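Dear colleague,

Please find below the structure that I am handing over to you. A short account of the findings follows it.

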Amino acid sequence: MWFSKSQQEALKELNVDPVAGLSGEEAKARLEKYGENKLKGKPKKSLISLFFSQLKDMLIYVLLGAVVITIAIGEYVDAVIILLVIILNAVIGVVQEYKAEKAIEALQKMTAPKSLVRRDGEIEEISSEQIVPGDIVIIDAGRYIPADLRLIQSVNLQIEESALTGESVPTSKDANDVHTDPKTPIGDKSNMAFMSTLATYGRGEGVVVGTAMETEIGKIAKILDEDNDEMTPLQRRLDELGRILGFIAIGICALIFAIALFQKRDLFEMFLTAISLAVAAIPEGLAAIVAIVLALGVTRMSKINAIVKKLPAVETLGSVNIICSDKTGTLTQNKMTVVKYYTLNNLKHVPAAGTGFEASKDEAELIKSFVLCSDATYENGQGTGDPTEIALVVLGDKYDLSKKDLNSRHKRLGENPFDSDRKLMSTLNAEEDGYRVHTKGALDNILKISANALVDGKVVPLTEEMKSSYLKAAEEMSDDALRVLGAAFKDTDRIIAPEEMEKDLTVIGFVGMIDPPRMEVKDSIKDAKQAGITPVMITGDHRNTAVAIAKELGIADSIDQSLTGAEIDELSDEEFSKKINDYRVFARVSPEHKVKIVKAYKSQGNIVSMTGDGVNDAPSLKYADIGVAMGITGTDVSKGASDMILTDDNFTTIVHAIEEGRNIYNNIKKSVIFLLSCNLGEVITVFASILFFWPVPLLPTQILWINLITDSLPAIALGIDPGDKDVMKKKPRNPKESFFAYGAGVRAVIGGVLIGILTLAAFYFGLTEYGYSLGSKNIPEEVLTYARTMSFVVLAGTQLFYSLSMRNSTKSILRIGLFSNMYLIGAIIVGFILQFGVISIPFLANAFSVHNLSLRDWGLVILFALVPLIVNEIIKMFMRGDKME
């Protein structure tokens with residue numbers, strides 16, 4: 001814990017002389033001992049290993065088993081078709097994964113390329129990778145810190161650490177500070193400088209105490225490097241479904257052979273029939289259809305400014321019930337803004353936008369002093385310099401007191417720069433008839449060095465009563481989490497030395513500034529709450545500031561709903577997990593705390609989304625069920641660790657993405673239930689024929705055609721069904737909820753039974769046309785071909801029409817609009833065209849053992865095919881208890 005050691009103790013422990021630095025030989029020896037100062041990552045997966053990892057799925061195992069069996073019985077066409085399905089599914093997964101997991105590479109890019117070090121008594125510039133523990137690093141404004149340092153010298157040093165701590169204001173550093181508390185948060189370690197942060201002001205020197213993976217940013221890299229490949233709710237459901245279907249297929253085959261032995265039927269014939277049933281039980285296209293629907297969902301999400309990197313993340317969004325959001329840059333604008341100013345007994349609010357506002361004489365003097373006593377610039381919407389000073393220059397622009405104009409009229413002739421002891425900065429500027437000192441800084445310090453006050457344009461003696469008025473107003477601003485900055489002036493007839501500037505000043509007033517919340521976020525939080533989603537703020541900022549923003553946005557109601565990082569450390573993991581749901585704001589937290597918070601929420605059965613933009617957010621983005629990075633302000637590291645990137649940095653987009661995710665899950669569920677209804681119909685058809693000694697109405701090739709072509713098209717169309725407008729008025733889906741919840745299983749069984757009965761009825765009708773019945777012996781092959789054609793086309797037709805009824809579980813197709821999903825209408829038309837082609841084109845008819853049907857037969861087929869649709873719509877009507885929808 002270097003922050004708890006003095007400079008001398010740190011230098012002694014690292015065995016280095018600060019004046020001479022390390023010798024070249026010693027640096028070389030340490031480089032061999034500690035290695036290069038660069039972050040290490042896991043070896044990248046090859047495309048081949050990525051491809052094979054996609055095959056680790058129960059449904060895929062069952063399909064591979066089907067390939068082996070179909071090859072064994074000589075059905076090579078079937079084997080090729082199933083293999084193509086498996087390959088398509090794997091390729092879609094590989095393409096998505098190959099784009100992802102760039103976090104460590106991005107971290108490596110962030111390390112500074114060159115650094116100034118003292119070696120052998122000379123200052124030299126070396127590659128940051130060559131830096132070793134014990135090196136003396138020279139820091140000046142504009143340089144990135146190349147490693148973790150214990151500061152040994154600092155002069156007005158300020159370092160911007162928002163990527164690591166989440167704070168938007170640069171941190172003042174003091175090499176002489178010593179922190180004895182071992183739990184001191186990163187943001188409060190004023191005697192340390194950390195790798196990949198940026199020095200914005202002043203200068204300093206530090207001794208390297210940690211390089212590469214031993215730095216704070218290295219700890220983040222280690223967390224990102226850990227495997228955390230948890231299955232999403234959808235993957236778990238599909239895996240579970242795959243296992244069930246696999247066991248059903250095996251069970252059916254065993255049952256068939258048992259029946260065959262009991263009935264003393266031909267075992268080879270029964271083996272082929274068992275294959276038919278196994279093929280019928282497994283929806284071969286399911287894996288590919290889910291991948292396609294998710295891929296199409298990704299395309300839809302990109303149109304609402306959300307780029308999804310991992311396909312299953314689309315569906316996971318639908319179950320999110322906790323949104324953990326970083327404050328700085330996500331809920332707030334990540335730019336300090338003056339929102340109030342105060343002159344004696346006169347508090348004013350600053351307009352959020354616009355220029356040309358009028359100010360009283362005292363107010364104009366206050367703004368003028370702030371603008372002249374700053375080194376920042378702001379032109380064409382772009383600022384340079386300290387964020388606090390940029391905010392003051394922007395304030396001047398709003399009241400037509402531009403920095404450029406004031407500087408040209410009041411040339412700066414001297415200054416007393418800011419330092420962390422005085423907490424003041426002063427400039428000496430030319431006036432028309434002399435000179436004026438402008439001072440800004442901590443209000444209590446300004447009041448100590450002031451003798452007068454500006455009141456209604458006149459300089460009057462500063463009384464104790466006035467002081468208490470200023471301090472009371474400042475305290476009220478501080479309670480609202482505003483950062484208070486005071487201003488004063490002094491007129492002089494000569495150019496004075498810096499040490500004379502800050503005496504007998506005239507206090508003008510002060511401003512209150514804050515990193516303001518994004519305007520649109522409040523409504524989004526309201527929408528999220530209405531949808532049963534709890535927003536939570538996680539920040540490295542101070543508790544009061546965080547709670548004030550949280551209250552304004554509607555995230556929290558009181559300070560009791562907040563917890564600091566130090567308080568988290570005092571709780572055991574078990575205690576923290578039990579209490580986690582009581583809190584809405586977590587302040588002054590480290591990257592490790594963020595991960596702990598996400599894990600605690602997940603341990604309570606929540607599906608957690610974490611949003612952020614800094615390096616400090618990357619580990620929690622990775623551990624969350626959905627990591628959401630900001631596309632504009634986000635670091636490459638946060639983007640690499642996330643599952644989704646917002647291209648507009650808008651919190652509102654998350655809520656829209658959740659709505660899209662819910663609809664996509666509902667659509668996948670429709671597709672799955674539809675496919676299972678269809679497959680159940682096929683199983684009933686084949687199983688009933690075996691049980692009652694009937695000829696088998698469907699051949700394995702015919703079942704495979706329907707599973708992969710005819711019912712796959714409507715399933716994909718259902719997967720891109722227009723969303724339910726009321727989906728965000730419902731609570732998030734329970735991730736443990738089955739595909740068959742809320743009567744979906746019953747609907748699947750009713751649909752499957754109807755499809756199976758109608759297919760058998762069509763087969764029966766086909767036989768009776770030629771004078772045979774289901775129990776007849778020695779039925780000629782051409783009669784069987786005709787009867788199988790009837791059952792084949794009716795099976796396809798019932799499934800195609802039934803898909804219309806699957807669009808909504810309670811609303812009728814007329815209520816939701818028959819033509820509101822033109823993709824589905826197109827899929828049904830194409831399905832019938834393909835069926836017509838299969839039985840009409842000679843070489844296809846031969847391959848599938850079918851032949852053409854007459855116009856009368858087609859009329860009967862359509863009549864049969866409409867029955868499941870009509871029955872399902874009648875059931876919906878009775879479920880609603882009305883006839884109006």
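Which residues form one aromatic cluster? They are Phe576, Tyr583, Phe586 and Tyr601. Please note that this is a predicted model.

The structure holds 13 aromatic pairs. One of them joins tryptophan 705 and phenylalanine 848 in an edge-to-face arrangement, 5.3 Å centre to centre and with 65 degrees between the planes. Tryptophan 705 belongs to helix H28, whereas phenylalanine 848 lies in the loop between helices H34 and H35, so the pair ties together parts that are 143 residues apart in sequence. Both tryptophan 705 and phenylalanine 848 are buried.

Another aromatic pair, formed by phenylalanine 836 and tryptophan 858, is tilted: the centres are 6.1 Å apart and the planes make an angle of 50 degrees. Because phenylalanine 836 lies in helix H33 and tryptophan 858 in helix H35, this pair ties together parts that are 22 residues apart in sequence. Phenylalanine 836 is partly exposed, with a relative accessible area of 43%, while tryptophan 858 counts as buried at 14% relative accessibility.

Charged side chains also sit over aromatic rings. The charged end of arginine 733 is 3.3 Å from the ring centre of tyrosine 665 and sits over that ring. Likewise, the charged end of lysine 5 sits over the ring of tryptophan 2, 5.3 Å from its centre.

Finally, strands E17 (residues 450–455) and E18 (residues 458–461) run antiparallel and are joined by four bridges. Asparagine 452 stands opposite proline 461 in E18. Two residues lie between the strands of this hairpin, in which aspartate 456 takes a positive phi near 50 degrees.

Yours sincerely

How values were computed. Residues are numbered from 1 along each chain as its sequence is written. This is a predicted model: local features need pLDDT of at least 70, side-chain atom pairs count only at pLDDT 80 or more; totals for chains, interfaces and linings use all residues. Side-chain values use heavy atoms; hydrogens and water are left out. Two strands pair if DSSP finds at least two bridges between them. Rings of Phe, Tyr and Trp (its six-membered ring) pair if their centres lie within 6.5 Å; planes under 30 degrees apart count as stacked, over 60 as edge-to-face and the rest as tilted. Buried means under 20% relative accessible area, exposed over 50%, partly exposed in between (1.4 Å probe, protein chains only). A charge sits over a ring if NZ of Lys or CZ of Arg is within 6 Å of the ring centre and within 35 degrees of the ring normal.
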